[in-house]
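Here's a quick tour of one structure, with an eye on charged pairs and a strand hairpin. Have the 3D view open as you read.

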Amino acid sequence: MFDSGSPVMIPQHGVDDARQAAWQAFDAVPAGVCVSTPAGEILHANPALHTLLGYPPSALVGRTLADLTLAEDPEPEDALPAGTERRLRRRDGSGLWVTETVAPFGGVDGAPLRLSLFADVDERRRRETALRDRLLMKEALFDTLPVPVFVKDVRGQYTGVNGAFERYTGLDRRDILRKTTFAVMDPGTAKAHVAQDRTVLAEEGRARYEEVVPVADGTLRMTSLSKVSFRDSTGNPGGIVGVIHDLTDSQPNEGRLEAILEQSPIGVSVSRRDDGRIVFVNTRFAELIGLPRDRLVGSRARDYYLDNHQRERVLERLRGAGAVVNMEVQFKRADGSPFWTLFTVNQAVIQGVEVNLAWIYDYTERRNMEEALRDMASRDPLTGIHNRRSFMELARQQLARAHRFHEPLAVFVLDVDHFKKINDTYGHATGDDALRMVAGGCQAILREYDVLGRLGGEEFVVVLPGATADETRVVAERVRRNLARMPIPAPEGRFHLTSSIGIAGLEGATDTLEKAIHRADLALYRAKHEGRNRVVVYEPGM
């Protein structure tokens with residue numbers, strides 16, 4: 001198997017039998033568990049912790065907890081409450097957020113030890129960080145809107161107002177948040193607004209009406225209020241969003257309007273509602289489209305949408321509610337390249353002309369970052385192929401399709417033979433290189449729509465849509481031969497590896513992915529038992 005001769009096996013240190021037997025109970029626990037001395041030396045770590053941190057079996061024994069802790073994190077205390085979050089260092093140097101519980105643990109011989117329990121919460125932390133960044137960005141956009149906007153919860157209490165609302169009403173947001181309309185205006189006027197709020201919430205719809213509101217100079221101004229209800233993250237009614245349009249002085253002169261809109265750090269355009277022709281854009285809008293302002297004025301707003309279906313959705317919301325708030329829409333630049341925006345449109349009347357007043361915030365970089373984070377969360381960090389979670393999700397989709405169209409489907413599980421010898425002989429860095437080359441060697445043979453994933457360690461799994469078990473045997477044999485021919489670079493030369501593969505086909509309309517993988521595992525076990533470096537198809541009785 002190896003070009004450079006048989007490897008020298010590293011002997012295993014003896015472990016007290018009684019102590020080892022007691023600790024082996026932790027090996028069945030799905031969360032990471034380790035037993036360590038008071039000084040932090042790891043005496044036992046279960047398979048789940050090795051998988052969590054990317055280490056091969058038994059590689060954590062003899063290391064210290066300090067080795068597994070990022071430098072900026074404190075050393076664990078003697079006892080930590082359940083749910084304490086900290087970052088561990090994975091074998092590749094990356095950080096991993098976990099919840100940790102540490103408690104004293106008596107050894108078989110009475111020596112004091114520590115028991116640590118780790119649960120992976122890294123993906124949740126990434127989602128929370130991405131969501132927090134997105135919310136901060138939306139809050140910034142909300143506060144830069146040049147029209148007064150407010151948010152109320154289902155109890156009628158203000159939960160948010162923007163800077164334009166403060167300037168228009170003369171009210172400080174700190175004085176009105178968590179208070180109702182009755183705290184900011186007289187009871188008679190407040191009742192009219194509350195009645196409209198209740199109607200919008202009850203009908204889960206939108207409303208636009210004219211009413212007086214108090215403004216910064218202490219007078220009452222006639223306004224047009226647009227209100228729309230929204231649901232919270234749990235799907236329950238969350239409250240209403242309102243926009244205030246001043247009707248007392250609703251027709252500013254052209255110079256004043258342009259000065260106001262030109263100050264906006266967000267792209268602004270004004271287009272006629274009757275024919276959609278643009279009558280004004282600010283500098284930021286022209287920069288986003290990539291055309292001079294005089295080229296944009298007179299053109300049609302519809303020409304800059306990338307997708308007509310998205311444009312129709314914008315128009316539907318405008319017809320239904322008179323406004324669109326923070327909708328994700330793709331536009332195109334003058335050179336045809338697309339970019340994502342958060343798009344807000346309000347209807348207005350300027351100098352007697354009905355117009356759409358639109359704000360576009362360039363969202364491309366943040367959206368690309370979100371997509372990259374989603375892709376990273378679905379990939380195995382070592383090999384770049386699908387990780388277990390992503391593979392199972394895609395494979396179940398293929399299984400559902402096979403059931404729906406009564407098509408065949410097969411699974412094969414591949415295991416690198418004697419992989420521990422590779423690590424022991426050439427080192428873990430070479431072992432990692434070998435796993436990356438195995439992934440690449442599989443991809444070179446598989447079809448584009450076959451699904452390849454890494455289950456963990458040196459074990460890989462493939463779903464082949466539309467293939468029977470016999471057809472899959474042909475593909476698996478090509479994979480096995482390709483891997484056996486590959487020279488693997490090592491510090492002192494090159495070596496070759498072999499692999500064993502077990503295959504299982506789809507069995508009936510009620511078969512599941514888990515059952516198929518289990519049958520393939522049984523066939524893989526038979527391949528190992530018969531001498532390795534071979535392909536075996538599952539047969540009943542294995």
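## A pair across the chain

Which residue forms a salt bridge with Asp153? In this predicted model, the partner is Arg178, and the closest N and O atoms are 3.8 Å apart. Asp153 sits in strand 6 (residues 149-153) while Arg178 is in the loop between helix 5 (173-176) and helix 6 (187-203), so the pair ties together parts that are 25 residues apart in sequence.

The two ends sit in contrasting surroundings. Asp153 counts as buried at 10% relative accessibility, whereas Arg178, at 53%, counts as exposed.

## Other salt bridges

Searching the whole structure turns up 26 salt bridges. One of them joins Arg272 to Asp274, with the closest N and O atoms 2.8 Å apart. Here Arg272 is partly exposed at 29% relative accessible area, and Asp274 is exposed at 57%.

Arg519 pairs up with Glu507, this time with 3.5 Å between the closest N and O atoms. That links distant parts of the chain: Arg519 belongs to helix 16 (residues 513-529), and Glu507 to the loop between strand 21 (499-505) and helix 16, 12 residues away. Arg519 is buried, at 8% relative accessible area, but Glu507 is partly exposed at 45%. There's also a network: Glu123, Arg389 and Glu393 are joined by salt bridges that share partners.

## A hairpin with a buried strand

Now look at strand 17 (residues 451-456): 5 of its 6 residues are buried, so the rest of the structure largely encloses it. Strand 17 runs antiparallel to strand 18 (residues 459-465), and 5 bridges join them. Within this pairing, Val451 stands opposite Val463.

The two strands form a hairpin with 2 residues between them, and Gly457 in the turn has a positive phi of about 60 degrees.

Notes:
Residues numbered from 1 in each chain as written. Predicted model: local features only at pLDDT ≥ 70, side-chain atom pairs only at ≥ 80, totals over all residues. Heavy atoms only, no water. Buried < 20%, exposed > 50% of the residue type's maximum accessible area, 1.4 Å probe, protein only. Helix = DSSP H or I, 4+ residues; strand = E, 2+ residues; numbered from the N terminus. Pairing = 2+ DSSP bridges. Salt bridge = Lys/Arg side-chain N within 4 Å of Asp/Glu carboxyl O.
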